[in-house]
Amino acid sequence: MSVIQTNVEAASEKYSSGFTKGHLALPPARKYLVLTCMDARIDPASAFGIELGDAHVIRNAGASAVDALRSIIISEQLLGTEEIVLVKHTGCGMLTFNNEDAYGLVGKNLGPDAEAELKSQNLDFLPFPDLEEAVRKDVDFLKSTKLVPESVTLSGWVYEVETGKTRRVV
């Protein structure tokens, strides 16, 4: 077993020994979801005041609404969420490359067959050059899709990894 797996096992044992929240309902109690980046410097529960059972937290590279749409639909249509809080962050890796860079890196690291597979899937890594514009663009995407009801409240934010502060963009 790896060191990481050993840590997961030990942490699980410690956490479960005092666990008392098994009664929480499946739908999030506060009927909202947070879409944020997978960046390890973000602790959504602490940074955004989320208690266990309050909200769905969806994480992906760059807090992409396009990438998260499947989970957003499930959250709203099956589990009753009524609000989306989208949070991107300063210092995001998605600001540092474009699709061509990513394709080249895959080819270099994994070989030409992997790069060809990537190209055949026409995968868009969804990078962005401007943080606040990316927040606006994702909120606009959610507003414009027929897959998110107009009744859903939407907001877009930037979390500052340097200070821990979150500021509203839209």
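## The largest pocket

Helix H6 (residues 131–144) supplies the largest share of the lining of the largest pocket, five residues. Helices here are DSSP runs of H or I with at least four residues, strands are runs of E with at least two, and both are numbered from the N terminus. This is a predicted model, in which local features need pLDDT of at least 70 and side-chain atom pairs count only at pLDDT 80 or more, while totals for chains, interfaces and linings use all residues. Residues are numbered from 1 along each chain as its sequence is written, and side-chain values use heavy atoms, with hydrogens and water left out.

In all, 16 residues line the pocket, and Leu126, Pro127, Phe128, Lys137 and Asp138 lie nearest its centre. A pocket is an open set of points on a 1 Å grid over the protein atoms alone, where a 1.4 Å probe fits and protein lies on both sides within 12 Å along at least five of seven lines; lining residues have an atom within 4 Å of a point. The space inside comes to about 270 Å³, counted as what is filled by probe spheres set on the points, which are joined across faces, edges and corners. Sorted by class, the lining has eight nonpolar, two polar and six charged residues. Nonpolar covers Ala, Val, Leu, Ile, Met, Phe, Trp, Tyr, Cys and Pro, charged covers Asp, Glu, Lys and Arg, and the others, Gly among them, are polar.

## The overall fold

The protein chain has six helices and five strands, and they follow the pattern α-β-α-β-α-β-α-α-α-β-β along the sequence. Its C-alpha trace spans about 50 × 50 × 35 Å along the principal axes.

## The sheet and its helices

The five strands make an open sheet with mixed pairing, in the order S2-S1-S3-S4-S5. At the edges are S2 (55–60) and S5 (166–168), each pairing on one side only. Two strands pair if DSSP finds at least two bridges between them. S4 (residues 153–159) and S5 pair in the antiparallel sense over three bridges, and Tyr159 has Thr166 in S5 as its bridge partner.

H6 turns up again here: it packs on the sheet, touching S3, S4 and S5, and its direction makes about 165° with that of S4. Helix H3 (residues 65–78) lies across S1 (32–37), S2 and S3 (83–89), running at about 160° to S2. Such angles run from 0 to 180 degrees between N-to-C directions, with axes fitted to C-alpha atoms, for helices over the stretch in contact.

## An annotated spot and a loop

In an unreviewed UniProt entry, the annotation "binding site" covers Cys37, Asp39, His89 and Cys92. They span 56 residues in sequence, but no two of their C-alpha atoms are more than 8.8 Å apart, so they gather at one spot. UniProt positions are given in the numbering used here, feature names are shortened, and annotations may be inferred rather than shown by experiment. Asp39 sits in the loop between S1 and helix H2 (44–48).

Glu160 belongs to the loop between S4 and S5. Leaving aside neighbours within four places in sequence, Glu160 is in contact with Thr90, Lys165 and Arg167, where contact means heavy atoms within 4.5 Å.
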